[in-house]
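Please read the following walk through this structure with the sequence and the model side by side. The account moves from individual side chains to the wider fold.

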Amino acid sequence: MKVALLGATGFVGSALLKEALDRGHTVTAIVRRPEKLEKREGLTAKMGDVDDASSLAELIRGKDAVISAFNPGWKDPNLYDDQVRGTTSIIAAIKDAGIKRVLWVGGAGGLEVKPGVRVVDSPDMPLWVKPGSLATINALDQLRKEPELDWSYLSPSAEMKSGVRTGKFRVGGDQLLVDASGHSTISVQDYAVAMIDELERPAHVRQRFTVGY
């Protein structure tokens, strides 16, 4: 497939890029600094600004799907506002470009730990994480208001670190997945497997889903 990937140099985006290329997809990576990407067969790197919806639409036009791993950065002092604005711009560009299939890197904060109680509502949630968590929840809200888009929103487990690609994990819906010890974990490599699986074999169109061990 011809895929546009936003945020391909980030922690999650780089794992998604590797997984997509390893499976033979053609990827246009839209990033702030294309020179940071190593050259690979099937990869085209383009400089893009998510806040410029019209130019972004031209960069993604003609693609089969868009994967957004956009994140302005955890150290951004205006993280919430910048991420919400970027999300709005990305969605506008996708619609302008006439693309229907959208896969979105979500967060764990909006998942429920019990009915009506989200991860982000916990008093243990670090204050520095909250703005980004709330911004990814806002992204889901925005996607749900776009009836013409065939979106899928993948939330990770509470803890996502670099690890091993096993290809073995559980898939869930709106509830946080925990193992027998009460831990909620997934490697970023297996998160990428789940996302590219969804690209190839859509099973959660217009749905949030999650993965964990």
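**From a buried glutamate to the sheet and its cores**

Glu19 is buried, since its relative accessible area is 5%, and in this predicted model its side chain meets that of Arg23 in a salt bridge, with 2.8 Å from N to O. Arg23, for its part, counts as partly exposed, because its relative accessibility is 26%, a value that falls between the limits of 20% for buried and 50% for exposed.

Another salt bridge pairs the side chains of Asp22 and Arg40, at 2.9 Å from N to O. This pair links distant parts of the chain, for Asp22 belongs to helix α1 (residues 11-22) whereas Arg40 sits in the loop between β2 (26-31) and β3, 18 residues apart. Asp22 is partly exposed, at 43% relative accessibility, and Arg40 is partly exposed as well, with a relative accessible area of 37%.

Towards the other end of helix α5 (residues 188-200) one may turn to Arg201, which forms a salt bridge with Glu200, the closest N and O atoms being 3.6 Å apart. Arg201 counts as exposed, at 51% relative accessibility, while Glu200 is partly exposed, with a relative accessible area of 30%. Through shared partners, salt bridges join Glu19, Arg23, Arg165, Asp197, Glu200 and Arg201 into one network. The structure holds 18 salt bridges.

Eight strands form an open sheet, in the order β3-β2-β1-β4-β5-β8-β12-β10, and their pairing is mixed. Because β3 (43-47) and β10 (170-172) stand at the edges and have a single partner strand each, one side of each is left without a neighbour in the sheet. Neighbouring strands of this sheet are turned against each other by 20° on average, direction ignored.

Within the sheet, strand β5 (residues 101-105) and strand β8 (residues 150-155) run parallel and are joined by five bridges; Arg101 has Asp150 in β8 as its bridge partner. Helix α5 (residues 188-200) packs on the sheet, where it touches β1 (2-6), β4 (65-68), β5, β8 and β12 (207-212), and the direction of the helix makes about 165° with that of β5.

Which residues have the most contacts inside the largest nonpolar core? They are Leu16, Leu17, Ile67, Tyr191 and Met195, in a core of 31 residues. The elements that give two or more residues to this core are β1, α1, β2, β4, β5, α5 and β12, and the largest share, seven residues, comes from α5. Ile67 illustrates the contacts: leaving aside residues up to four places away in sequence, Ile67 touches Val3, Ala4, Leu5, Leu6, Leu16, Leu103, Met195 and Ile196. Apart from this core lies another, of 23 residues, which includes Ile90, Ala93, Ala139 and Trp151.

A last stop is Met125, which lies in the loop between β7 (117-118) and α4 (130-144). Not counting residues up to four places away in sequence, Met125 touches Val119, Val120, Lys130 and Ser133.

Terms used
Residues are numbered from 1 along each chain as its sequence is written. This is a predicted model: local features need pLDDT of at least 70, side-chain atom pairs count only at pLDDT 80 or more; totals for chains, interfaces and linings use all residues. Side-chain values use heavy atoms; hydrogens and water are left out. Two strands pair if DSSP finds at least two bridges between them. Helices (H or I, at least four residues) and strands (E, at least two) are DSSP runs, numbered from the N terminus. Axes are lines fitted to C-alpha atoms, for helices over the stretch in contact, and angles run from 0 to 180 degrees between N-to-C directions. Contact means heavy atoms within 4.5 Å. A salt bridge is a side-chain nitrogen of Lys or Arg within 4 Å of a carboxyl oxygen of Asp or Glu. Buried means under 20% relative accessible area, exposed over 50%, partly exposed in between (1.4 Å probe, protein chains only). A nonpolar core is a set of buried Ala, Val, Leu, Ile, Met, Phe, Trp, Tyr and Cys residues joined through side-chain atoms within 4.5 Å.
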